[in-house]
Amino acid sequence: MFTLPLGDHAQLRPLEPWQAPEFLAHIDRARASVDPWIPWATYSTDLDSATATLKRYADRLATDTGGIYGIWLDGTLVGGVMFPRFDSASGVCEIGCWLESAGEGRGLVAQACRSLIGWAFQERGMSRVEWWAAAGNTRSIDVARRLGMTRDGVLRQHSAYRGVRHDIEVWSLLSEEWAPLGEVPVSGVQAELDRLMGVFVGAFTNTGDRRPDLGVIRDVFIPQGRIIANVGNEPVIYDLDAFIEPRQKMLTDGTLTEFSEWEVAERTEIFGSIAHRFSEYRKSGFHNGKWFEGSGHKTTQFLRTPSGWKMSSLAWDDAPATVAE
């Protein structure tokens, strides 16, 4: 049985039928957040049904049509990733994930998904990896964005849950678009830097019912942190308060709606107690009622402090945005 490290205290490994008691206990803890989005969670309510769920995936693994893998944190099952569909003949597969609250904020799902995607492309020669998410599942959609996927479209009223039909968003990543992490080791430090960047980027999201909370930026930065915009080759330098306050207003007064920003590629270098990250990102939303899409680059510096890793400075450069007429 393989085991892949996801940082210093987490592991990715196969989830098999003999682990059904542990799986059921985990699903019971996660049910409130997982049940609306993962169909098999609805039906895994006792030991027999939990065993049946894992047996179905074991059968798919045996026929090379799917698979399921658990994420363990400090020895406790907290989530996992899966191939609901795997079609080697067509070169198309689907990947999915789930997580209980104890595993959140560590970048575990993104790392585990990257492992499966890399294997599908590099070892199995797949051409396309798909990600299907209910339109209201903003966390799942955020992961698709972080993985660099493209939103292909919406299957209207595709799936039913407790008598209500839901739209399904379809995202995808093609083999030629895949950018593996390369030389950067998956480590506890890398996972923590991933988490800090995820908190920073996620603070701006106001899609669906999510309310942006730019105050969390103070939690990921040192108090003396600086954020710098390169506007027309003229740097505009903000302290944290000067950066946060006008953007919180724009994201809550109707100026920017259905806005989100996500990292699509990154290169991180760690040197003892300092680190640097170069990121490519995309963003989209409505600005004063007009849809726009944009992209750009960030350079971020990190310091290890007595209270843990923190951002010390961030600078960004936007490419010209595309605005719908």
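## A network of salt bridges

Arg85, Glu94, Arg128, Glu130 and Asp152 are joined in a network of salt bridges (a salt bridge is a side-chain nitrogen of Lys or Arg within 4 Å of a carboxyl oxygen of Asp or Glu). The model you see is predicted, so local features need pLDDT of at least 70 and side-chain atom pairs count only at pLDDT 80 or more, while totals for chains, interfaces and linings use all residues. Residues are numbered from 1 along each chain as its sequence is written, and side-chain values use heavy atoms, leaving out hydrogens and water.

The structure holds 16 salt bridges. In one of them, the side chains of Arg128 and Asp152 meet at 2.7 Å, N to O. This pair links distant parts of the chain, with Arg128 in strand E6 and Asp152 in strand E7, 24 residues apart. (Strands, labelled E, are DSSP runs of at least two residues, and helices, labelled H or I in DSSP, are runs of at least four; both are numbered from the N terminus.) Arg128 is partly exposed at 21% relative accessible area, and Asp152 is partly exposed at 43% (buried means under 20%, exposed over 50%, partly exposed in between, with a 1.4 Å probe and protein chains only).

## A buried pair

Arg277 forms a salt bridge with Asp194, their closest N and O atoms being 3.0 Å apart. Here too distant parts of the chain are linked: Arg277 sits in strand E12 and Asp194 in helix H6 (residues 188-202), 83 residues apart. Arg277 counts as buried at 0% relative accessibility, and Asp194 counts as buried at 2%.

## The eight-stranded sheet

An open sheet of 8 strands runs in the order E1-E2-E3-E4-E5-E6-E8-E7, with mixed pairing (two strands pair if DSSP finds at least two bridges between them). Strands E1 (4-5) and E7 (150-161) stand at the edges with a single partner strand each, so one side of each is left without a neighbour in the sheet.

Within this sheet, strand E5 (residues 92-99) pairs with strand E6 (residues 128-134) in the parallel sense over 3 bridges. Cys93 stands opposite Val129 in E6.

## A hairpin

Strand E11 (residues 256-271) and E12 pair in the antiparallel sense over 13 bridges. They form a hairpin with 2 residues between them, and Gly272 in the turn has a positive phi of about 60°. Phe271 has Ile274 of E12 as its bridge partner.

Ser284 also lies in strand E12 (residues 274-287). Ser284 is buried, with a relative accessible area of 6%.
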